[in-house]
Structures are given as structure tokens and as C-alpha cells.
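I set out to record, entry by entry, what I looked up in this structure.

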Amino acid sequence: MKKPSASQLTPLLIWLAVALLFEACQQQAAPPAGFFPDSNTVSGWTKSAEVRTFAPQQLSEYIDGDAEKYLKAGVKTTATTDYKYRGETDVVVDIYTMSTAAAAKAVFDSEPAMDAEAPTLGDSARLYSQSLIFRKGPYLVRMVAYQESPQLARAMLELGRALESKLIR
Amino acid sequence: MKNMPEKSRRDFLKDFAIGALAAGVEPRALARDVHPASANQAKSKVVIARDAALYGVGNSPEGARVAKLLDRAMQAYGDSSDPVAPWKKLFHPDEVVGLKVNTIAGPGLSTHVALVDAISERLKQAGIRPGNIVVWDRTNGELERAGFTVSNDANRVRTIGTDSKGVGYDETVLSYGVVKSRLSTLLTRTCDAMINVPILKHHSGAGITLALKNMYGVNHNPDKLHANNCCPAIADLNMLPPIRNKFRLVVADAMTGCFEGGPSYKPQYAWRYNGIIVATDPVAIDQTAWDIIEKKRAERGLKSLPQVGLTPNYIAVAANAEHRLGTDDPARMVLQEI
């Protein structure tokens, strides 16, 4: 059998390179900044700050020593922004994009559930009176409210559902 | 103690420093007046003052109650019936006094503005000029998020981050043990004395964080110092001369603390301890904080920190013969709860 010439192999190699690149892009999680629901997408919620993103080596600037467990688990990027609920309750929303779903689960499972509710959201979720944490695929999402407010927990769950619908596994 | 004659500044400082010396602490700036011969007669004093009604019905502690609680703590610490006297004995009117707060966790778990205001007020009454009181932390952004108003007006109490224009970190790299760091010029150049105003927190790296770990907000590379449960890095960092020599007092904000999930704010693990803790021995106060957090963890059904691999070993290292930053031995402490 006659061996293919270099000129015959070139298109094949180019096609292969493009295919590999495309596959790699598919495996990359989408940029989390676009996952945050816009103001008034969910009733009562307004986005009150720009999205800030942190590469792994910058994460400790944001959460100090808390960064260690995310780094150990394999965090790829972190995005955070602020919301206001009904114009008065401040809530911070973080999206941690981990390397794998198992990594997101590892961080999620490392935190004691205490007396949390377990709403149906993503792969697993915990809801408290002032916070919500859930994971979906490689994403770990945390919402923290700085004040107590009636109906806040349910409202965070609604915001969480809107955000969750944008997360691509 | 009421009706007791006020102690002189010399006696007051002696008591403070004797406690530290008894704990194995080498003399600091405040120990200049101490006669070392009597050093072995005293213990490190830690005062915990609490007010169950501190928060009232709101989300924030009430300013007036915070100020009263601070007075109770400081007066108990200094055995004084005069709320200003303890401050006068600790600080000279011509000094620039820095308040190193902790604001990284945002408004839910940062040093309260009300406490800083109360400290600043007493410092002013003790003769410190407003512009010579400098409230500071790593960044202006963190300070603002925690509720502080950034201002560098020399006519009023200044509140600034190390990232402010013209501030930054000193060019000199200081080393001790595993630490090689540049320190904020707010400490190295601006301030003569430092009041450490930390927060009572669990820490997922170090075990707990209060006074000694709060110095991670002073250096340029805290991210490099979290290995091995931050040990011996926390103790080593506190050995750097500007930190060691300018540290004067800890006024710990224990109004809201966290017993798990720290140092970030996670409301499900936070609780209102309603307290202010005062000491001049940073090791003794951290040991006390560890006990408080362990009690709360037990109450909530959580394993102890050693059981989850988070023994705050840095405390014992800070107390050891090499570091001598204070005592972790309860037998060498006087814990006063009021």
C-alpha cells in the first residue's frame, strides 16, 4: 500500500487540530460572569455591583484562608457580585467554577449541613434563613445575606433557580 | 474596681507588662517602665465583657451599648473607675495610634464600626489628636464593604487601606522563620502604636483566628502563609519587629463570631456572642478564643477542632521558648468575665 504524502496528510492534521481545539473549548466551563441574573429578572432582586472574578492565585485576596479548600479541590475561577433584595437587604452571590463536579461536591460536603432545608435545586442544595448553597456539575454557588428579612430564604431560592437555569453542566 | 485610687501610668503598664513577662513575653514598647524583678508575680489578664442586649432588635449592635461595653472591658482590665484612664496609661498624646481592623469577610463578620468609633472616642479623650488615629486594613474596598468611610483627612480620624495611593507595602523584606514579607507602611512608617481589633472566628486553615492571625492583613503575601495550618507562619509573622514592637493592645470584637466555615461569613455558622475581649497578651487572648469557639461547636454538635484536623497549633508555637509572644497556659492567665 502506498504511503500518504505529506501534502495529503496536512488537511487531515489541520482538521484534527481544529477538532481537538473545539473539544477542549466544549470542556471549558462557560464564563460564570454571564450566569448572574440581571436586575428584575427575578422579582425583588436588583444587581448592585459589577461582577468581580478571581483566578485561583488571587482567590485568597477575596476570601483569605477560605481559599485553601477551594484550591485543594481544584477551583478554576471565582465570580462574585452583589444584589439587593427589595432595595434593602444586601446579598453576595459567588459562583465557584471547579475543575469537576466531584470537586464541587467535595467542597459542598465539607460544610456541616446543621439545620438546613434541602430544596430541589441543582445536584444538591442547602437553604438557611440567610444563605443558600448549591452545586450543579462543576459549579458551586453560594448566596449570603447580611441582614435578616422576612421571606428572604424563599426569595434567595427563586434567585438561585434563575441562576441555576443558566449553568451549563 | 470602684473607689480604688487610680494607678499611675507606670503601675498600669507594669501590670500589663508583668502579665506578659510572666507569660514569657519579651518586653515590648509598653514594658519600658517595668521592673523585671517582679515579673514572675503576675499573670496574663484577659477580660471578657458581654451584654446580652447588645443587638436590641436590629441587625447591628447599638452604638451606645457598644461604647458602654468597651468601657466595662477596659475599666476591668485596668482596674479603673475612670473610663479614660486606661487609655491614657497605654498611649501618649503625641503618638500615632493605628487600629488594625479585620474587614475581609464583609459586613456580616467584620470589625464593627461602632466599636472602632468607641475606641477612637476614648483615644481622643486620652489626648490623641483625631488625625493621629488611623483605622486601617488591607484595602479601601474591604473597609467600605464593612461599613467604614474611607478618609485621609488629617483633621479627623483617618480610615485608609494599604492599597491607598501613596501607602503600599514597605520595600524592605523582613524575615523570621518561614516568613519573608513586606509590611504595610501604615504600620512601619505611619503608626507608633497598634491596637489590634480582630474578629472572633473559626478558620478553616488555622483552626481559629483572633489576634495573632489578624496580622495576615499587615503583610503583602498572606496567601503564602497558609501551609500546615498556618503554623508556624502566624507565630513567625508576629515576630517581625514592627508588629512585635508596635503592638500595644487587643480589643477583640466578639459581638458576632463564627464557630465553623470561617474565615468567610456564612450566616448558618455565625452566632451572637455579644462580647468584647480585651488583653495585652495576644497568645492568651487567642487561647481564650479557642476555648469559646470549642464550647460553641460542642453546643451545636460539631466535632472539636483537633478532631477535624484543625488544632490551632500556632498558639502553642507563639508561646514557645523561641517565640515568647505570650502564654497559652491557663494557669498563667487570669480570665475575668463580666
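The entries below begin with the ground rules and then take the two chains in turn.

**Ground rules.** I noted that this is a predicted model, in which local features need pLDDT of at least 70, side-chain atom pairs count only at pLDDT 80 or more, and totals for chains, interfaces and linings use all residues. Residues are numbered from 1 along each chain as its sequence is written, while chains are lettered from A and ligands numbered from 1 in the order in which they are written.

**Chain A, overview.** I looked up the secondary structure and found five helices and seven strands in chain A. Helices (H or I, at least four residues) and strands (E, at least two) are DSSP runs, numbered from the N terminus. Along the sequence, the pattern of chain A reads α-β-β-α-α-β-β-α-β-β-β-α. Of the 169 residues in chain A, 38% are buried. A residue is buried if 20 or more other C-beta atoms lie within 10 Å of its own, exposed if 12 or fewer, and partly exposed in between, with C-beta atoms placed from the backbone. I also noted that 58% of the contacts in chain A between residues at least 6 apart in sequence join residues at least 24 apart. Two residues are in contact if their C-beta atoms, placed from the backbone, lie within 7 Å.

**Chain A, strands around β3.** Which strands pair with β3(A)? Two strands pair if DSSP finds at least two bridges between them. Strand β1 (residues 45-47) of chain A pairs with strand β3 (residues 75-85) in the antiparallel sense over three bridges, and A:W45 stands opposite A:Y85. Strand β2 (residues 52-54) of chain A also runs antiparallel to β3(A), joined by three bridges; here A:R52 has A:T80 as its bridge partner. Strand β4 (residues 89-98) of chain A pairs with β3(A) over 10 bridges, again antiparallel, with A:V75 opposite A:M98. I recorded that β3(A) and β4(A) form a hairpin with three residues between them, and that A:R86 in the turn has a positive phi of about 50 degrees.

**Chain A, helix α5.** I checked the buried residues of α5(A) and listed A:L152, A:A155, A:M156, A:L157, A:L159, A:G160 and A:L163. Their cover includes β1, β3, β4, β5 (124-127), β6 (131-136) and β7 (139-145) of chain A.

**Contact between the chains.** I found 21 residues from chain A and 22 residues from chain B in the contact. On the side of chain A that touches chain B, α2 (59-63), α3 (67-73), β4 and β7 of chain A each supply at least two residues.

**Chain B, overview.** I noted 11 helices and 12 strands in chain B. Buried residues account for 57% of the 338 residues in chain B.

**Chain B, helix α4.** I listed B:V113, B:A114, B:L115, B:V116, B:A118, B:I119, B:S120, B:R122 and B:L123 as the buried residues of α4(B). After α4(B) comes B:G127, with a positive phi near 105 degrees.

**Chain B, strands β3 and β4.** How many bridges join strand β3 (residues 133-137) of chain B to β4(B)? I found four, and the two strands run parallel; B:D137 has B:G161 as its bridge partner. In strand β4 (residues 158-161) of chain B, B:R158 and B:I160 point one way and B:T159 and B:G161 the other way, and all are buried.
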